[in-house]
Amino acid sequence: MAHKELPTTFLGLKLLHKGIKKKVDFDAESGELVAYLDEQKIDLADEKVLIDAAALKYNSFLAYKKDSEKKCAQRDKLFNPVIKIVTGLVQVLKGYYQPEYKKMGDWDVEVTDGGKVTIATDPELFLTFLIAFKAENDTYEGLNISPLASYITKNEIDLDQCITDTTAALVFNDDYKTAKSNSEAAHQVMLTKSAMPFANLTLITNFLMKLYVGNEKGLSVYGLKTVNAAKVVKVKDIKLALGQSKLKIKTKIGSMFFNTGTEDLHIYKGSTITGEFIILAAGAKLLVPKGYSKFSVYNPSNNTSAKLQLIPKKIVVG
């Protein structure tokens, strides 16, 4: 059975709308959609105006999005190395003060009694923290050596440069947030303006599918794609916990029950687990008998979960 394949992108939907309008305009008053569009009060010309306006916002959205990604990359190029450096410094302090982790508060480090450290990842908050962190390190002079002195020297760390890089990263971060906000705003306007025209595409294409039953390929004149896809037949797995039942399961006569678990199962005709039942032994298979197109299954075991596989008739026959 054929079904339609609607585009999932703005440009794809815009192109489909263009194809439908082009065909309607070409057919003029003799067109097969004229009466339907009039009945549904759909004006494709008015919709084109909305879509064209939405397209301008779509272009703005793409431009702002690209700019935000660029600013984000520039921010991260400066900011991420600083985060890595400071994280290393904080870990040195953590080892230095263990188990008196709270003493790290003098360095403006947020830490729990158990030693769990939290470092701000927002550039603005991080810059405030970093300035205070460096200020504390700078209080150590002369014989009063900083706990970080050896690590800083060994790894050639320049905290002044870290502050400079974070300050520059903050500028890029502000630019990133502005571009991202503009991108989201443009995207929302695009969605709002195109909402009705694109919703109407669903109505129009649904109607066309009814008109072209048996000749779906003919819909290509509207720019509408259709695909022929056979329905996928799947095996259904039913799991039952200890003493659990599953009710009102539908199947088809000629399908097959397959007990893939290690416990016997009770299979009842209909929607309840009352009356007579079939015992399906562990590992056993059984063609669904007449009267069991709706059945219920029960796991009588109080020790082990159970599994029932329902194999469709097409697979059994195949």
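Residues are numbered from 1 along each chain as its sequence is written, and side-chain values use heavy atoms, with hydrogens and water left out. Because the model is predicted, local features need pLDDT of at least 70 and side-chain atom pairs count only at pLDDT 80 or more, while totals for chains, interfaces and linings use all residues.

The helices make a handy starting point. Helices (H or I, at least four residues) and strands (E, at least two) are DSSP runs, numbered from the N terminus. H3 and H6 pack with their axes 5 Å apart, at an angle of about 155°. Axes here are lines fitted to C-alpha atoms, for helices over the stretch in contact, and angles run from 0 to 180 degrees between N-to-C directions. H3 and H6 are therefore roughly antiparallel to each other; angles under 35 degrees count as roughly parallel, over 145 as roughly antiparallel, 65 to 115 as roughly perpendicular and the rest as oblique. The H3 and H6 crossing is left-handed, a label used if the near helix is turned anticlockwise from the far one by less than a right angle, with right-handed used if clockwise.

Helix H6 (residues 159–211) also meets H4, with axes that come within 9 Å and cross at roughly 165°. H4 and H6 are therefore roughly antiparallel as well, and the crossing of H4 and H6 is left-handed. On the H4 side the contact (heavy atoms within 4.5 Å) involves residues including Phe126, Leu127, Leu130 and Ile131. From H6, Ile163, Thr166 and Leu170 are among the residues taking part.

Lysine 71 is found in helix H3. At 17% relative accessibility, lysine 71 counts as buried; buried means under 20% relative accessible area, exposed over 50%, and partly exposed in between (1.4 Å probe, protein chains only). Leaving aside neighbours within four places in sequence, lysine 71 is in contact with Phe172, Asp175 and Tyr176. Lysine 71 and aspartate 174 sit 103 residues apart in sequence, yet 8.8 Å apart in space, C-alpha to C-alpha. A charge sits over a ring if NZ of Lys or CZ of Arg is within 6 Å of the ring centre and within 35 degrees of the ring normal. Elsewhere, the charged end of lysine 285 sits over the ring of phenylalanine 258, 4.7 Å from the ring centre.

Next come the aromatic rings. A pair of them is described by the distance of the centres and the angle of the planes. The structure holds 13 aromatic pairs. One of them joins tyrosine 96 and tyrosine 97, an edge-to-face pair at 5.0 Å centre to centre with 85° between the planes. Rings of Phe, Tyr and Trp (its six-membered ring) pair if their centres lie within 6.5 Å; planes under 30 degrees apart count as stacked, over 60 as edge-to-face and the rest as tilted. Tyrosine 96 is exposed, at 51% relative accessible area, whereas tyrosine 97 is buried, at 13%. For phenylalanine 129 and phenylalanine 133, the ring centres are 5.6 Å apart and the planes stand at 55°, so this pair is tilted. Both phenylalanines lie in helix H4 (residues 123–138), 4 residues apart, about one turn of the helix. Phenylalanine 129 is buried, with a relative accessible area of 8%, and phenylalanine 133 is buried too, at 0%.

The backbone has some features to point out. The peptide bond from glutamine 98 to proline 99 is cis, with omega near 0°. Proline 99 sits in the loop between helix H3 (44–97) and strand E2 (110–111). That H3–E2 loop also holds aspartate 108, where phi is near 70°, a positive value in a residue other than glycine. Aspartate 108 is partly exposed, with a relative accessible area of 41%. Glutamate 156, in the loop between helix H5 (149–154) and H6, also has a positive phi, near 50°. Glutamate 156 is exposed, with a relative accessible area of 74%.

Finally, histidine 266 lies in strand E8 (residues 265–269). Histidine 266 counts as buried, at 14% relative accessibility. Beyond neighbours within four places in sequence, the contacts of histidine 266 include Phe277, Ile279, Val297 and Tyr298.
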